[in-house]
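Here is a short briefing on one protein model. Look at the sequence and the structure first, then read the points below.

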Amino acid sequence: MQRLLLTVDRLSTWMGQAFAWSIVLLTFGISAEVFSRYVLNEPHDWALNGQIMLYGVLFMMAGAYALAKNNHVRGDVLYGFFSPRTQAAVDLVLYLLFFLPGIVALTWAGWTYAMESFVIREKTFSATPLPLYPFKFVIPLAGALLLLQGAVEIVRCVLCLRDGQWPSRDQDVEEVDVDKLKAMVHVKDEDIAALDRYVAPKER
């Protein structure tokens, strides 16, 4: 079971990392358009539409990745103090009541939305129109990936309720707090205090 959970984690991770390259394309695209507009005085009417679609792809495809890394925003003022079983119970209720209905609706409506766009070969409203229907197929794709990852998270909740601890998950990046950073570079508080004498401004 754990191998299956980690396989889905890796799929979500791979998809998230692959589509993360959209930010590089977006950066170069915006920079090129700024140069073309303000230096060459040759703006492109399609550029803004392309940037919006690329940003939409980046945003939508990050959902399953963030869920796999347990990095979605959570009001955890109290949640962090709960035992793992209590956390799992809260998560399970929220997944069943809100997550599943919402993401199923997103995927279903997104597929209908994309198919309608494909049938009419929808394009953007500009002098140089861009095809819009390929972008709209990202909606059901992102929804399907979220559903798959959500199913894995529901299984994790059930396993935590049974075992009293959270199953492991695939990791690729981790937030490092100050104490962890000190431990990684072997720096002590005394070392920082000694450096402060040379860096911090002297009081007069």
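**A buried aspartate and an aromatic cluster**

Asp9 is part of helix α1, which covers residues 2–20. The model is predicted. A search of the whole structure turns up six aromatic pairs.

**Asp9**
- Asp9 has 0% relative accessibility, so Asp9 counts as buried. The cut-off for buried is under 20%.
- Leaving out residues up to four places away in sequence, Asp9 touches Ala68, Gln149, Val152, Glu153, Arg156, Arg169 and Asp170.

**Aromatic pairs**
- Among the six aromatic pairs is the one formed by Trp111 and Phe137, which is edge-to-face. The centres are 5.7 Å apart, with 70° between the planes.
- Trp111 sits in helix α4 (residues 84–119), and Phe137 sits in the loop between α5 (133–136) and α6 (138–163). The pair therefore ties together parts that are 26 residues apart in sequence.
- Trp111 is partly exposed, at 48% relative accessible area. Phe137 is also partly exposed, at 24% relative accessibility.
- Phe118 and Phe137 have ring centres 6.2 Å apart and planes at 70°, so this pair is edge-to-face.
- Phe118 lies in helix α4 and Phe137 in the loop between α5 and α6, so their pair ties together parts 19 residues apart in sequence.
- Phe118 is partly exposed, with a relative accessible area of 31%.

**Cluster and charge**
- One aromatic cluster is made up of Trp111, Phe118, Tyr133 and Phe137.
- Arg121 places its charged end over the ring of Phe118, 4.2 Å from the ring centre.
- The charged end of Arg121 also sits over the ring of Tyr133, 5.9 Å from that ring's centre.

Key
Residues numbered from 1 in each chain as written. Predicted model: local features only at pLDDT ≥ 70, side-chain atom pairs only at ≥ 80, totals over all residues. Heavy atoms only, no water. Helix = DSSP H or I, 4+ residues; strand = E, 2+ residues; numbered from the N terminus. Buried < 20%, exposed > 50% of the residue type's maximum accessible area, 1.4 Å probe, protein only. Contact = heavy atoms within 4.5 Å. Phe/Tyr/Trp six-rings, centres within 6.5 Å; stacked < 30°, edge-to-face > 60°. Lys NZ or Arg CZ within 6 Å of the ring centre and 35° of its normal.
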